[in-house]
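Subject: Structure handover

Hello,

Here is the structure for you to look through. Please open it first, then read the notes below.

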Amino acid sequence: MLAWTIYLSFAGALVLALLPKGKPAVARWLALAVAVAGLALAVTGFVASMGQGRLVIVDLPWVPSMGVHFLLAADGISRVLVLLTGLAAVAGVLFSWNIELRTNEFFAFFLALIGGVYGVFLSFDLLLLFMFYEIAIVPKYFLIAIWGSTRREYAAMKLALYSFVGSAMVLIGLLAAYATSGSHSTSLIALGHAGLPVSFQMWAFPLVFTGFAILAGMWPFHTWAPTGHVAAPTAASMLLAGVVMKLGAYGCLRVGIALFPHGLDPWGFSFAGIGSWRDVFALLAVVGIVYGALVALVQTDFKFVIGYSSVSHMGFVLLGLMTLNQIGVTGAVMQMFSHGIIAGLLFAIVGRLVYNRTHTRQLAELETMHLSKRLPFAAWAFVIAGMASMGLPGFSGFVSELQVLVGAWQVNPWWVAVAGVGIVVGVAYTWRALQKAFFSDALPSAHVLEQEHGQALAPITWSEVTGVIMLAGVSLFVGLYPKILLDAIEPAVKTLLAGGGQ
Amino acid sequence: MSGFPVLTLLTVLPLVGAAIALWSGRHARAVALITTLCSLALALFVWTRLPANGSIGLVERAAWAPSLGIEYHLGVDGLGALMLVLSAIVTLMSVDAAHRVHHQPGLYFGLVLTLEAGLFGSFTALNFFHWFLFWELSLIPAFFLIKLWGGARRGPAATQFFIYTMAGSAALLVAFLAVFVSTGSMDFPHLTLLASTGELEQMVTAHLGPVTFWLAIGVLAGFAVKVPMIPFHTWLPAAYAEAPSPVTMLLTGAMSKMGVYGLLRIAIPLFGAQIAQIRTPLLVLAVATVVMGAWAAAAQKDLKRVFAYSSVNHLGYCLLGIFALAVPVAATDASAQASQAAALNGVILQMFNHGLTAAALFWFVAIMQSRTGGHRGIDDFGGLRKPAPVLAGLMGIALFSSLGLPGLNGFVGEFLIFRGAFPLAWVGATVSLLGLLVTATVILTVIQKVFWGPVPERCASFPDLHHGERLALAPVIGLMLLIGLLPQLIVDSVNPTVVNLLTHWRF
């Protein structure tokens with residue numbers, strides 16, 4: 001059933017692309033229908049397979065001579081991320097309700113991107129996974145280059161180049177793994193059992209992991225992320241932070257860690273406390289957490305604050321992965337879900353609720369606008385989203401970051417100490433943005449006052465309200481009842497860490 | 001013990017009320033009044049259903065997220081139930097006092113009720129996650145109540161309040177993370193048990209090295225900010241003064257008790273031995289809180305700041321009692337045990353009494369402000385007993401209760417604290433007497449300047465309390481007299497809990 005999320009999204013994209021131009025309303029409703037249907041499938045699939053392990057959905061020979069199969073399957077991790085994709089897709093459509101420029105093309109690219117993301121999360125064949133991974137990159141480029149804002153061509157190109165470099169690294173690693181295994185299969189399950197030589201894993205692991213981690217926004221390869229997020233139209237920023245960065249993290253886990261577990265073994269020597277690839281990547285992760293947070297603290301553009309916060313929060317995912325223990329990796333997957341929801345909500349508020357009405361994202365200008373009075377819904381939505389982003393208890397971010405920290409503590413308390421600094425700074429930058437953008441006491445400038453009397457800000461629409469309530473509700477629900485996701489993630493992580501083909 | 005989940009109902013009720021209040025505009029205050037009255041009734045019901053032996057009753061348990069040590073575990077003993085009753089009374093008083101909220105009343109009362117839910121949740125939680133959830137939940141509405149309805153310098157005051165408390169929370173969170181990593185549990189009763197046998201320290205040392213002491217410091221810091229203990233008190237005067245008076249009632253009446261409660265429910269049970277090691281410096285800080293709080297109150301000209309610093313002073317007695325009893329006592333030493341029990345009884349009574357009295361005092365300030373267009377300086381008033389004899393009489397009772405006059409509620413708690421503290425820490429207790437003395441001067445000065453002397457022009461036509469206000473204030477003042485004369489109403493229920501707590505604590 002979950003496979004239909006992929007087919008449906010691509011079919012929707014195709015229909016939208018062929019739709020006659022000049023009917024934006026039809027395009028919107030069609031896109032919404034497809035996204036909702038995808039979410040419904042994702043939810044049904046999640047509920048129906050609760051408590052079960054990995055389920056193979058489709059397994060057809062594809063390129064028999066190379067042993068390539070069209071192999072779709074889902075374990076608990078996949079199902080949780082498919083659920084996330086469904087939610088992000090619906091929210092993305094809702095927050096793109098105001099797109100008037102080439103509406104049907106916009107939603108066609110949007111659904112193609114969603115289809116690719118579903119595909120990555122459900123593929124258990126290396127080549128298939130890689131194909132979907134590439135499919136997801138192309139629409140992203142057009143979404144930014146055509147519908148974007150600030151320096152959109154530059155940002156789109158930067159993002160595409162980074163992505164392709166990452167992909168190239170991944171591809172080299174994968175082909176080498178295929179050749180080395182000699183198992184004549186590209187199935188992740190078979191390759192996991194193949195037992196690749198340790199020396200091979202030692203160089204293939206960092207290559208593949210870095211390749212994927214570029215898309216996850218790992219410091220110092222993160223620079224595409226903030227510029228891309230800022231340039232992208234709201235829905236694309238939401239998807240970029242919400243699910244595309246998760247593709248990278250998912251690849252790190254599903255391919256990097258699962259296929260090359262020995263790549264994380266100690267080198268046998270250590271330099272300044274770094275004695276394995278695991279230490280290297282954990283260090284990069286914690287640097288990313290703190291660096292992203294500190295940079296977010298000094299931004300003048302509201303959207304850049306959120307863009308850098310994504311780098312910081314994705315650092316938790318990578319740190320969780322590097323713990324290699326049950327609780328830490330579970331936390332990493334939880335954080336993927338949680339950050340997907342929260343970042344989507346934050347970008348929606350900044351890009352759609354605020355920017356579309358104020359036409360500025362400069363905090364200094366927003367400061368004079370008294371938005372808490374003029375856009376109370378946006379202000380309180382940001383309060384909730386900000387609380388979730390700070391990782392206050394009761395929201396999904398608290399659970400996931402707690403798990404990552406507990407897991408990290410068992411390995412190396414220093415990681416926790418540094419990441420803890422990132423959390424404190426995280427409170428500070430969210431706080432600063434909230435104060436400046438919405439609850440400032442600064443006196444309005446003459447220009448703004450004039451504007452205030454001249455024209456009221458456009459009222460909040462139903463699609464915005466629905467989207468905010470849906471995302472905030474999910475974060476709160478998962479924060480209060482994390483068990484619903486943990487029950488799916490924990491067994492899958494256990495199997496994956498135990499080795500033996502995921 | 002299963003049955004009707006009354007504690008869950010108690011916590012959810014204000015949240016439901018908050019949701020209704022948000023959408024009821026001008027009628028929000030009525031919604032809030034009904035909700036807080038129902039909450040008070042429910043809290044009193046809980047009070048009557050406590051187990052007679054002082055153990056934790058009305059327990060509710062359910063699996064939540066087992067792999068993280070998170071469990072839905074609620075329960076109250078005499079201490080928790082008394083705090084529930086206090087929170088319910090103070091919130092009711094605060095809603096009662098806030099009849100002049102014209103700006104976004106729906107949001108205002110929604111936030112007040114959310115704050116009440118935060119109080120109820122943190123006083124009933126027996127699992128760290130659950131407790132922390134509500135601890136933070138109470139912080140957010142408090143921040144916005146100051147930020148959006150406060151006085152002229154509300155912005156910096158709210159931010160300072162938020163940052164201090166957040167820093168305290170971070171310290172708590174890190175400490176509990178360490179405890180969880182070492183023991184795999186976040187359950188207060190379970191951890192108390194581990195600590196009472198010394199296993200907690202062994203487990204922490206085995207996992208993380210000799211850091212138990214620093215964890216104790218982290219936990220102490222978190223609560224010291226909230227209480228507040230000198231030198232972590234600097235956020236308080238600004239926050240109390242800038243917040244609208246009904247919100248100050250909540251801050252001082254109920255929220256400051258979360259800090260003392262945390263010391264009794266979490267810090268002492270888990271880290272009693274570590275706290276006993278640094279008992280002397282802690283006692284010094286407690287005495288400093290008592291004396292310097294009173295001293296600072298004497299220097300203030302703004303009535304709200306006077307009462308803010310006098311709150312610091314009164315909570316200092318709680319700290320004095322707690323740290324005085326944090327000392328290893330031989331099982332055969334009956335007299336020292338009796339002193340510990342007296343001090344702890346005193347601390348718990350003082351928490352309740354201070355909450356009641358301080359909330360009442362800020363209520364009176366609110367009334368005086370509303371009658372004079374916002375004036376609240378000591379020198380702005382004079383001779384009020386002539387135009388407003390009833391106000392002067394009732395406020396006088398509240399002031400004397402704050403002073404600790406025998407026969408009123410304030411006396412009992414302080415007396416028991418000193419009764420317990422003298423044998424256990426006579427130097428600290430003696431120096432603290434200075435605080436009593438200064439407080440007496442402060443209160444008498446207020447009475448003199450506000451009620452006596454010539455009547456300035458702005459007070460000439462000062463209207464006395466009208467019937468509605470008399471009706472609302474009478475039960476509060478009545479309660480002060482009642483507890484002052486019949487302290488056993490509370491002590492009878494609290495004492496078994498005190499005995500039970502002391503048997504589980506190890507210093």
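Start with helix H1 of chain A, residues 3-18. Helices here are DSSP runs of H or I with at least four residues, strands are runs of E with at least two, and both are numbered from the N terminus. H1(A) has 16 residues and reaches 23 Å from its first C-alpha to its last. That is close to the 22 Å expected at 1.5 Å a residue (the expected span is 1.5 Å times one less than the number of residues).

A word on the model. It is predicted, so local features need pLDDT of at least 70 and side-chain atom pairs count only at pLDDT 80 or more, while totals for chains, interfaces and linings use all residues. Residues are numbered from 1 along each chain as its sequence is written, and chains are lettered from A and ligands numbered from 1 in the order in which they are written.

Back to H1(A). Its buried residues include A:Thr5, A:Ile6 and A:Leu8. Buried means 20 or more other C-beta atoms within 10 Å of a residue's own; exposed means 12 or fewer, partly exposed is in between, and C-beta atoms are placed from the backbone. The cover over these buried residues includes helices H2 (24-48), H3 (76-94) and H4 (103-122) of chain A.

Next, a hairpin. Strands S1 (residues 55-63) and S2 (residues 68-74) of chain A pair in the antiparallel sense over seven bridges (pairing needs at least two DSSP bridges). A:Leu60 stands opposite A:Phe70 in S2(A). Four residues lie between the strands. A:Gly67 takes a positive phi near 75° in this hairpin.

Now the two chains together. 21 residues of chain A are in contact with 19 residues of chain B (contact means C-beta atoms, placed from the backbone, within 7 Å). On the chain A side, H17 (396-411), H18 (413-437) and H21 (483-497) each supply at least two residues. H17(A) gives the largest share, six residues.

Last, chain B. Helix H11 (residues 245-277) has 33 residues, but its end C-alpha atoms are only 40 Å apart. A straight helix would reach 48 Å at 1.5 Å a residue. H11(B) has a kink of about 85° centred on B:Phe271 (the bend is the angle between axes fitted to the seven residues ending there and the seven starting there). 31 of its 33 residues are buried, so H11(B) is largely enclosed by the rest of the structure. B:Gly478, in helix H18 (residues 467-485) of chain B, counts as exposed because it has 11 C-beta neighbours inside 10 Å.

Best wishes

Key
Two residues are in contact if their C-beta atoms, placed from the backbone, lie within 7 Å.
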